[in-house]
Amino acid sequence: MDFNMKKLASDAGIFFTRAVQFTEEKFGQAEKTELDAHFESLLARADSTKNWTEKILRQTEVLLQPNPSARVEEFLYEKLDRKVPSRVTNGELLAQYMAEAASELGPTTPYGKTLIKVAEAEKHLGAAERDFIHTASINFLTPLRNFLEGDWKTISKERRLLQNRRLDLDASKARLKKAKAAEAKATTVPDFQETRPRNYILSASASALWNDEVDKAEQELRVAQTEFDRQAEVTRLLLEGISSTHVNHLRCLHEFIESQTTYYAQCYRHMLDLQKQLGRFPGTFVGTAEPTSPPLSSTSPTTTAATMPMGPSVADLAPPGEAALRLEEVAPPASGTRKARVLYDYEAADSSELALLADELITVYSLPGMDPDWLIGERGNKKGKVPVTYLELLS
């Protein structure tokens, strides 16, 4: 108990000395040991790295999970060291609703058929999003979070310790300066007279005491200087390690971009397949316009994933033998023709298709070997292929 009380009193004395030194520095009443310019630049770079890493981490979390309530829930699970429950993505939830709607509204109607096809595409998009979130969390968010919760906490701890060592050093310098000033005063202005020998004895005794105080202060200064230099070296090594952190974060950033490119490439393919199934081929998917961004370097690790194939032409999508089919030479079958009402406007992709206007009536029929998603439509003396999903077949 006695030892603990002594230690407590010693710690309180050190804390008080540091507080006095810090306060006097703030008011400009005490000198402060300045760090060299290179050390200050290392500190500034470390602070900047920490601040921007926090911002990038937070915004990436928002990108991967826009729902703030879900982010808070995941944060609590991580702090409690519990596994985050699996969460249905928005795309998968939309696919579920569309499939249920198609089942209730009629899966054989044009609207129901389209709902089923879109639901399947949205399901694929949701699965791709889930894979992207998982990959990005492991390859990008986790290293950033490890830096903030591991390396940066160590750097901050050593910086606080360096600050305390610096306060101890400056307090020792101030104590030595005061002791030398008092010793000089006691030496140069002795208070003695021949008729007063007692004052001479007291003055000599005070001078000896100040000599001892100077020796003690010099010893404390040497110890404080050694501890400060040692702590400064430790902190410097940690700050120089920020360069390795940048290299690691650069590698993680490349992996994040690669996973993001793969994700968008998958989304592109799924949507292109959906466009094929729905029978619409907008010019943006088939076009030959020049790209708006420069091509990736052949040495880039993401070149393969980023290179998306252009949409196929209508001729490429036609069944075998149909591309050479001349519709003007095709005669309608003797039986099997039906009337159909057009549901939406449709712009023909090429000369083999028939442009449609909403609510008009046309005659449709099928030919052997045709794609079941297409029919031959006639309007007056015009004839061409039409997509089934744009029609309501009448009896």
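Student: What are the ground rules for the numbering and the model?
Tutor: Residues are numbered from 1 along each chain as its sequence is written, and side-chain values use heavy atoms, with hydrogens and water left out. The model is predicted: local features need pLDDT of at least 70, side-chain atom pairs count only at pLDDT 80 or more, and totals for chains, interfaces and linings use all residues.

Student: How far does helix H2 reach from its first C-alpha to its last?
Tutor: Helices (H or I, at least four residues) and strands (E, at least two) are DSSP runs, numbered from the N terminus. The expected span of a helix is 1.5 Å times one less than its number of residues. H2 covers residues 37-64, 28 residues in total, and 40 Å is expected. The reach in the model is close to that, at 40 Å.

Student: Which residue caps the N-terminal end of H2?
Tutor: Look for a polar contact (a pair of N or O atoms within 3.5 Å; within protein, one must be able to donate a hydrogen and the other to accept it, and residues adjacent in sequence count only if both atoms are side-chain atoms). The backbone nitrogen of His 38 has a side-chain oxygen 3.2 Å away. That oxygen belongs to the cap, Asp 36.

Student: Which residues of H2 are buried?
Tutor: Buried means under 20% relative accessible area, exposed over 50%, partly exposed in between (1.4 Å probe, protein chains only). The buried residues of H2 are Phe 39, Leu 42, Leu 43, Ala 46, Thr 49, Thr 53, Leu 57, Thr 60, Glu 61 and Leu 64.

Student: Is Ser 172 buried or exposed?
Tutor: Ser 172 lies in helix H5. Its side chain reaches the backbone oxygen of Asp 168 at 2.9 Å. Because its relative accessibility is 6%, Ser 172 counts as buried.

Student: How many salt bridges does a search of the whole structure find?
Tutor: A salt bridge is a side-chain nitrogen of Lys or Arg within 4 Å of a carboxyl oxygen of Asp or Glu. Searching the whole structure gives 16.

Student: How many residues apart are Arg 165 and Glu 227?
Tutor: These two form a salt bridge, with the closest N and O atoms 3.7 Å apart. Arg 165 is in helix H5 and Glu 227 in helix H6, so the pair links distant parts of the chain. Their separation in residues is 62.

Student: Is Glu 378 buried or exposed?
Tutor: Glu 378 forms a salt bridge with Lys 383, the closest N and O atoms being 3.5 Å apart. Lys 383 is partly exposed at 23%. Glu 378 has a relative accessible area of 18%, so it is buried.

Student: Which residues form a nonpolar patch on the surface?
Tutor: Patches are made of residues with over 30% relative accessible area and no salt bridge: like charges are joined within 9 Å, nonpolar side chains (Val, Leu, Ile, Met, Phe, Trp, Tyr) within 5 Å. Leu 93 is partly exposed at 33%, and Tyr 97, in helix H4 (residues 90-105), is partly exposed at 47%. Together the patch has about 280 Å² of accessible area (Shrake-Rupley method, 1.4 Å probe; for residues, only the protein chains shown count as cover). Its members are Val 88, Leu 93 and Tyr 97.

Student: What is the phi of Asp 359?
Tutor: Asp 359 is in the loop between strand S1 (338-342) and strand S2 (361-365). It is exposed, with a relative accessible area of 54%. Although it is not a glycine, its phi is positive, about 75 degrees.
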